[in-house]
Amino acid sequence: MVIRLLDSIESPADLKTLTDDQLARLAHEIREQIIYTTSNNGGHIGPSLGVVELILACHAVMDCPTDKLVFDVGHQAYAHKLVTGRAKDFDTLRTLGGISGFPKPSESPYDVHPSGHASDSLSVALGCAMARDLRGSHEKVAAIIGDAALSGGMAFEALNHIGQTQTQMAVILNDNEMSISRSVGAMANYLGRMRASRAYTTRKDQLQERLESGGKASRGFLNISRGLKDSIKQFIIPDEMLFEQLGLVCTAPIDGHDIPALKSILSAVLDSDVPVLIHVVTKKGRGYGPAEKNPSIFHGISPFDIRTGKPLASNNAAPKYTNVFSDALVREAKDNEDVVAITAAMKDGTGLAKFSSEFPDRFIDVGIAEEHAVGLASGLAASGKLPVVALYSTFLQRAIDQMIIDNALPDLHVVFAIDRGGLVGDDGPTHHGVFDLVYTRMVPHMRVLAPSDEAELVSALHTALALDGPVALRYPRGAGRGVALPSEPETFEPGVSRLVREGSDVALLAFGRMVQEAEGAADALEAAGLSVRVVDMRWVKPLDMEAVMSAARDCRLIVTLEEGVIQGGVGEAVIHEVVDHARDLARIPDMMTIGIPDEFVQQGKVPLLHHAIGIDAEGIARSVAERLSVTLA
């Protein structure tokens, strides 16, 4: 039986005793473990395979958790988890009750912050460095940020501040030439030129003067840098180098899979007393052929066959909501040449790949820049185009200000296609889309649709494009219900719901995917002798007040069902309207709101999460029965 080095690693301190050859062997074992675990659980295999040597080198020269290693996004942190005491639990990755697929401070002291969104690592790392300076302590701080995440506005703001403060920290640029979709924009082109060109303008004297004037540590950094191998030995600063203009010393691109070189340069940089950007070039998916060949697919993937790299077949034959949206948008765009599709580095994830192929001149990928995407859409709308901004719910919340000021205030016709609305499952709290019903509903002029199945989604998109002003439609991740899609989409009348079944004891007013759960709950409650009304509300805003007040007049109990947070959610809006119109009622009915509780829901399969927080059919029926003191059959 072969004894793995990985099984002997209990903390990063153990890495300091390993030779470079042993670290290379450990990197191989880590890759095998990542491939095996993600083949069963799914996960972000491509990003994590690409940075194994980089993470090992960081932990070999740093003293974490005293030193701070900050991850951007965090989907590349699997190797970090494996060497920080979580190897024995790694098979629980992304499962209910298991370890998170992202850094999570409550899970380990080695995780600095709950990274799950891009472009925030430099701000967090600078905060750690400034706190160190205020304490007068000496811990090292390093942040790993990808080339795509570097395009985000927050990263630029942090770089500007880092250059101003001149505090010691390392910015490790993980340049793998690949975001979720291929990197776009001027930054991507700039980094490409840096990778391709070895003919940097050699202004070594300026760098030498700068380091020599920085003190003993900086001079030591300069001396060490002179002894490194050719690929990294020249710390040379071209006139046009962006990072130098912002005040950071910048290295030439180095091989991100060369452990000795990485250790040498990291040691030198972390002993300096100036901020330094280390440009590391890595291969996304390294060590696993299918992931290297298809890095976009293996950025985040469901369980797959290790031998072929193909995702395992799903038992659900129904089309995914994202694919239904994709096909519907292409059909709408064929009929309306003003339709323009916008996304933020999520062409494949949001289903816009087909649109980009059919209408390349009308497709815009802005990179990881959600604020810019929404501002851009507002300009397009003001100039006569009909933009559709397709983003995940959790990422659109980064552009709330632009949605309010740039879009809703001038009442521009922009359609927000909000994918991954509700709980998304294995990616956990940083990716659950549970706040959009609040942040869209609160905005004046905004109308909000929550289709209950894939057929409703087709008509909801058609309706959103036919209206004026800002419109949002939100739909969940995963497969639909398997209903037939309409040959011709319907145009919904704003603020008009759909009665699913009649009843006089309980009214279940359900939004989006909760309609399906409401029907299951109604079956159980009716078996216990209750008459249950189920309404597909369709519209989060404007509410169907006729349906609400009818339920208030006819039923003993009104229950709102939403796959979003209760605080500020649509259920509270229903209660407000009933109370506000109490003068029109003989009595005010009992009312309940069922939705996401006031907590961050962990990772796990969506049905398991629904059950755990009581928003599946069983949980809804149980809550209603308890409220009415009824015994379920």
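Conventions first. Residues are numbered from 1 along each chain as its sequence is written, and side-chain values use heavy atoms, with hydrogens and water left out. As this is a predicted model, local features need pLDDT of at least 70 and side-chain atom pairs count only at pLDDT 80 or more, while totals for chains, interfaces and linings use all residues.

I start with the sheet. Helices (H or I, at least four residues) and strands (E, at least two) are DSSP runs, numbered from the N terminus. Two strands pair if DSSP finds at least two bridges between them. Five strands make an open sheet, ordered S13-S15-S14-S17-S18, with mixed pairing. Strand S13 (498–501) and strand S18 (590–596) each have a single partner strand, so each stands at an edge with one side left without a neighbour in the sheet. On average, neighbouring strands of this sheet are turned by 25° against each other, direction ignored; axes are lines fitted to C-alpha atoms, for helices over the stretch in contact, and angles run from 0 to 180 degrees between N-to-C directions.

Within the sheet, S14 (residues 506–510) and S15 (residues 532–536) run parallel and are joined by 5 bridges. Ala-507 has Arg-533 in S15 as its bridge partner. Helix H21 (residues 545–554) lies across S14, S15 and strand S17 (557–565), at about 170° to S15. Contact here means heavy atoms within 4.5 Å.

The loop between strand S16 (539–541) and H21 holds Pro-542, which is joined to Lys-541 by a cis peptide bond with omega of about 0°. Another cis bond joins Cys-64 and Pro-65, with omega of about 10°; Pro-65 is in the loop between helix H3 (52–61) and strand S1 (68–71). Ala-345, in the loop between strand S7 (339–343) and helix H14 (353–358), has a positive phi of about 60° although it is not a glycine. For context, most residues other than glycine have a negative phi, and most peptide bonds are trans.

Last, the second largest pocket. A pocket is an open set of points on a 1 Å grid over the protein atoms alone, where a 1.4 Å probe fits, with protein on both sides within 12 Å along at least five of seven lines; lining residues have an atom within 4 Å of a point. Its lining has 17 residues, with Pro-114, Ser-115, Pro-429, Thr-430 and Phe-600 nearest the centre. At least three lining residues come from each of domain 1 (5–206 + 228–293) and domain 2 (321–476), bounds taken from an automatic or database domain assignment.
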